[in-house]
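Dear colleague,

Please find below the structure that I am handing over to you, with its sequence. My findings follow directly after it.

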Amino acid sequence: MTDPQRLSATDLRLAYGRRDVVHEASITLEPGRVTVLVGPNGSGKSTLLRGLTSLHRPTDGTIVYGDGALAAELNERQLAQRVAMLAQSRPTPSGVTVREIVEYGRFPHRGRLRRRDPEGAAIVDRALAATGVAELADRPVAEVSGGQRQRVWLASCLAQHTGIVLLDEPTTYLDLRFQVEILDIVRDLADDGVAVGVVLHDLDQAADVADEAVLLDEGRIVAAGA
């Protein structure tokens, strides 16, 4: 059985200009499993995660989904229907409500002409509920706390309704309670069959949430396992 929620990257090389940052990295994200990228600062974790979205196009190597589709042959909208990513830094827009932020996640399913999205409202409601921010839906996102805002952005990823979710240091700068809440959501995602890739600095958190840990050093995967 083929499964588009499976992502397999082989011999990826990622660069900024002429400088290679990730070298010949091979990694697989499986449905129902959390894969955590760990390693020292500057080891290439975030770059590799962005490379798995294919929006940072590899200079070499391949990314293929379980149904045989090659990432290099898909356009941005098609990629966004398969992979959602919570980036490390995001602006806080003014005059925008929590619900409107979460609705941004539906853009890949609407297309350029903003065609009707009959399932969108229900999916947005489920994303708000799953991240515990439904009661904040009508509040300006600029007025909620940092931990709540992180869950709002995560809800936007869930509203994208993909089988693969990538999170770049989602617990950074959060109080311990919010860190635990975010990691609980990550675990729930995998338990619901989503393939999850996460960059974490805290090894205790990684050990707690990961099905597999992948260790990077100087842009290379040097170890991987349970």
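Leaving aside residues up to four places away in sequence, Gln 205 touches Thr 171, Gln 179, Leu 183 and Leu 200. With one of these residues, Gln 179, the contact is polar: the two side chains are joined at 2.5 Å. Please note that this is a predicted model. Gln 205 lies in helix α8, which covers residues 203–209. Its relative accessibility is 10%, so Gln 205 counts as buried, the cut-off being under 20%.

I also examined two helix pairs.

Helix α6 (residues 146–159) packs with helix α7 (residues 176–191) at an angle of about 15°, and their axes are 10 Å apart. That angle makes α6 roughly parallel to α7. The crossing of α6 with α7 is right-handed. On the α6 side, the contact is made by Gly 147, Gln 148, Gln 150, Arg 151, Leu 154 and Leu 158; α7 contributes Phe 178, Glu 181, Ile 182, Ile 185 and Leu 189. Of the residues in this contact of α6 with α7, six are nonpolar, three polar and two charged.

Helix α5 (residues 120–130) packs with α6 at an angle of about 140°, with the axes 8 Å apart. The two helices, α5 and α6, are therefore oblique to each other. They cross in a right-handed manner. Here Ile 123, Val 124, Ala 127, Leu 128 and Ala 130 of α5 meet Ala 155, Leu 158 and Ala 159 of α6. The contact of α5 with α6 comprises eight nonpolar residues, with no polar and no charged ones.

Yours sincerely

Methods
Residues are numbered from 1 along each chain as its sequence is written. This is a predicted model: local features need pLDDT of at least 70, side-chain atom pairs count only at pLDDT 80 or more; totals for chains, interfaces and linings use all residues. Side-chain values use heavy atoms; hydrogens and water are left out. Axes are lines fitted to C-alpha atoms, for helices over the stretch in contact, and angles run from 0 to 180 degrees between N-to-C directions. Helices (H or I, at least four residues) and strands (E, at least two) are DSSP runs, numbered from the N terminus. Angles under 35 degrees count as roughly parallel, over 145 as roughly antiparallel, 65 to 115 as roughly perpendicular and the rest as oblique. A crossing is left-handed if the near helix is turned anticlockwise from the far one by less than a right angle, and right-handed if clockwise. Contact means heavy atoms within 4.5 Å. Ala, Val, Leu, Ile, Met, Phe, Trp, Tyr, Cys and Pro count as nonpolar, Asp, Glu, Lys and Arg as charged, and the others, Gly among them, as polar. Buried means under 20% relative accessible area, exposed over 50%, partly exposed in between (1.4 Å probe, protein chains only). A polar contact is a pair of N or O atoms within 3.5 Å; within protein, one must be able to donate a hydrogen and the other to accept it, and residues adjacent in sequence count only if both atoms are side-chain atoms.
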